[in-house]
Amino acid sequence: MGDAEQAKASGLDVAYVAHLARLHLRDDEIALFQGQMEQIVHYVEQIGKLDVDGVAPLSHTVSVSNVWREDEPRPGIDHGKVMDNAPEQRDGLIAVPKIVE
Amino acid sequence: MGDTNLDVSRLTIREAGDLLASGACSAVDLTDALLRRIQDVDSNIHAYVSLDADFALQQARAADEARAQGKSGPLLGIPIGVKDLLNVAGQPCTCSSHILEGYTAPYDATVIARLREAGAVFVGRTNMDEFAMGSSTENSAYMVTRNPVDLERVPGGSSGGSAAALAAGEAIATLGTDTGGSIRQPAAFCGCVGLKPTYGRVSRYGLTAFASSLDQIGPMTHTVEDAAILLQAMAGLDTMDSTTLDVPVPDYRAALQHDLKGMRLGLPKEYFVDGMDDAVRASILQAVDTCRALGAEIVDVSLPHTEYSIAVYYIIATAEASANLARFDGVRYGRRVSPGNDPVEMYGATREAGFGAEVKRRIILGTYVLSSGYYDAYYLRAQKVRRLILQDFENAFATCDALLAPATPTPAFRVGENTGDPLKMYLSDVFTATANLAGICAMSVPSFSTSEGLPVGLQILGPALGETQILRVGHAFEQRKKAVA
């Protein structure tokens with residue numbers, strides 16, 4: 001387990017994962033986080049010691065499915081209040097940098 | 001104006017309600033006195049991240065008018081402090097993050113709407129660890145909140161502002177949220193009552209999500225009775241949150257009694273481990289003796305998977321957080337940093353500038369444990385161990401009405417003591433994260449203080465929907481402790 005743990009921990013490439021999360025990091029942050037995250041990942045890997053064969057995963061302690069409410073029209077959040085929070089707007093729409101050329 | 005010398009610093013909801021009902025003071029008097037108290041003390045504490053005196057007084061006037069027209073109720077005209085991640089329409093909601101600077105909540109969270117209906121007055125927004133990620137309130141982007149009991153110490157977190165406001169006498173009651181202990185740990189550190197309800201008991205609609213399968217909103221108060229009053233007003237089914245439970249809400253105040261005769265209380269041996277602070281252990285064992293003297297039968301129980309709870313918690317909570325915090329991308333609200341003319345660059349630059357270090361660490365950890373090739377070893381395995389933790393509690397509650405344990409392994413630590421070591425900070429949640437993983441209810445009630453005068457929290461854990469049991473235990477203990485003090 002020891003070697004496997006090390007191999008897995010070193011599989012954490014902070015710069016790459018930050019890219020997946022659309023999160024820019026400065027070089028000094030990457031260096032700091034790499035050490036801290038490896039320590040944390042090493043710690044959480046202790047769950048590998050347990051035998052969990054046959055245990056069903058638990059995603060939620062409330063087992064609900066298909067919760068319905070009456071399909072009745074009602075007012076939504078006021079458009080103007082939503083637009084007041086937009087960083088940039090044009091013609092009542094939220095403006096963003098061009099996505100498709 | 002009525003009594004201008006009104007001392008609000010230790011006033012409970014019950015006492016304030018009596019003053020209002022008898023006409024001894026008005027809601028405006030009460031709110032005004034509280035605002036003055038905040039002005040006097042908060043520059044040393046930094047419990048509030050924002051205040052809106054005009055908005056507060058306007059609500060107080062409305063409460064007084066409603067009372068004049070015959071309305072009544074335990075929360076009518078009672079000022080409440082709100083943790084800064086709950087949406088209160090027209091008010092800021094920064095989550096103590098730079099990324100939500102300038103954001104104005106366009107709607108009320110369900111708990112806010114219910115408390116508003118009950119006539120509560122929202123005075124201000126309490127400081128917290130950014131997006132509720134932390135155990136000391138040192139991760140706020142705006143200010144470090146101090147523990148009023150000892151200004152060199154942290155108030156705990158993430159609901160540290162809500163706890164410190166109570167301890168400094170600058171709130172009558174506050175709201176917190178608890179994902180891994182964020183109500184109970186600061187309540188323990190500051191010497192107030194903090195209750196995390198059963199998952200699904202209180203609607204999460206309008207709570208800025210951190211970890212959706214763990215988050216719950218709960219009351220933070222001076223007394224257990226006040227916690228019962230506040231929970232009563234918030235609990236129950238909400239069509240805006242499909243995880244709320246369609247189960248009637250009992251009369252919580254009616255559950256409060258003065259003895260514990262006929263109750264079986266369990267002591268989980270895994271919560272009394274080597275390395276825990278001696279003063280905390282002594283305090284909790286004295287509290288256990290007190291409960292025994294009140295008529296409870298004390299039995300030993302075991303929760304064998306407790307040692308894995310922090311590992312499981314930090315996998316599941318960060319995985320959910322990495323998804324929930326994807327919405328903060330500079331598009332629709334909050335800050336936007338857009339250096340080039342490229343949307344992907346904008347997301348990355350906005351999140352770099354807007355998030356603090358701890359939020360970044362957790363997004364990275366959560367993204368990692370969900371990423372291709374690692375999902376089974378981390379996230380899926382953590383969900384399996386989560387079930388084992390739930391089964392531990394189900395077994396314990398098959399023979400006990402509630403469990404007694406410390407809320408934290410140590411009293412409040414010093415400002416700066418753990419900031420350089422994230423893992424050490426995480427381990428301070430070791431006694432609280434289990435209740436969130438299992439979805440059960442739990443409360444921290446002030447136990448006997450240490451010889452240095454630092455508060456210690458007695459944690460009372462109950463089964464799912466066992467709020468009446470934990471309130472009964474907490475109230476009886478609190479009353480007996482007060483009687484012997």
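This is a predicted model: local features need pLDDT of at least 70, side-chain atom pairs count only at pLDDT 80 or more; totals for chains, interfaces and linings use all residues.
Good morning. I begin with a pair in chain B: the side chains of Arg125(B) and Asp84(B) form a salt bridge, with 2.8 Å from N to O. This pair joins distant parts of the chain, 41 residues apart. Arg125(B) sits in strand S3 of chain B, while Asp84(B) belongs to the loop between strand S2 (79-83) and H4 of chain B. Arg125(B) is buried, at 2% relative accessibility, and Asp84(B) is buried too, with a relative accessible area of 1%.

Side chains of opposite charge can pair when their charged atoms come close. Over all chains, the structure holds 21 salt bridges. Another in chain B joins Asp259(B) to Lys261(B), with the closest N and O atoms 3.8 Å apart. Here Asp259(B) is partly exposed, at 24% relative accessibility, and Lys261(B) is exposed, at 59%.

Let me turn to the interface. How many residues does each chain bring to the contact? Chain B contributes 70 residues and chain A contributes 53 residues. Between them the two chains bury about 5,600 Å², and 69% of that area is on carbon and sulfur atoms. Counting pairs with both residues at pLDDT 80 or more, there are 18 residue pairs in polar contact between chain B and chain A. On the side of chain B that touches chain A, the elements giving two or more residues include helix H9 (309-324), helix H10 (343-354) and helix H11 (357-370) of chain B. The largest share of that side, 12 residues, comes from H12(B). By class, the side of chain B that touches chain A has 38 nonpolar, 18 polar and 14 charged residues.

Two salt bridges are found across this interface. In one salt bridge, Glu29(A) meets Lys360(B), with 2.9 Å from N to O. Glu29(A) also forms a salt bridge with Arg26(A), where the closest N and O atoms are 4.0 Å apart. Glu29(A) is buried, at 8% relative accessibility, whereas Arg26(A) is partly exposed, at 43%. Arg26(A), Asp28(A), Glu29(A) and Lys360(B) are linked in a network of salt bridges.

Next, the cysteines. The count of disulfides over all chains is zero. For Cys93(B), the nearest cysteine sulfur is that of Cys95(B), 4.5 Å away, and Cys93(B) is in no disulfide. Cys93(B) is buried, with a relative accessible area of 0%.

Helix H7 of chain B, residues 224-234, is mostly covered, with nine of its 11 residues buried. Among the buried residues of H7(B) are Val224(B), Glu225(B), Asp226(B) and Met234(B). Just after H7(B), Gly236(B) takes a positive phi of about 125°.

The other place is Ala118(B), in the loop between helix H4 (110-117) and strand S3 (121-126) of chain B. Is Ala118(B) buried or partly exposed? Ala118(B) is partly exposed, with a relative accessible area of 23%. Leaving aside neighbours within four places in sequence, Ala118(B) is in contact with Lys71(B), Leu75(B) and Leu76(B). The C-alpha atoms of Ala118(B) and Ala62(B), 56 residues apart along the chain, are separated by 12 Å. Thank you.

Notes: Residues are numbered from 1 along each chain as its sequence is written. Chains are lettered from A and ligands numbered from 1 in the order in which they are written. Side-chain values use heavy atoms; hydrogens and water are left out. Contact means heavy atoms within 4.5 Å. Buried area is the accessible area (1.4 Å probe) that two parts lose on being put together, summed over both. A polar contact is a pair of N or O atoms within 3.5 Å; within protein, one must be able to donate a hydrogen and the other to accept it, and residues adjacent in sequence count only if both atoms are side-chain atoms. Helices (H or I, at least four residues) and strands (E, at least two) are DSSP runs, numbered from the N terminus. Ala, Val, Leu, Ile, Met, Phe, Trp, Tyr, Cys and Pro count as nonpolar, Asp, Glu, Lys and Arg as charged, and the others, Gly among them, as polar. A disulfide is a pair of cysteine sulfur atoms within 2.5 Å. Buried means under 20% relative accessible area, exposed over 50%, partly exposed in between (1.4 Å probe, protein chains only).
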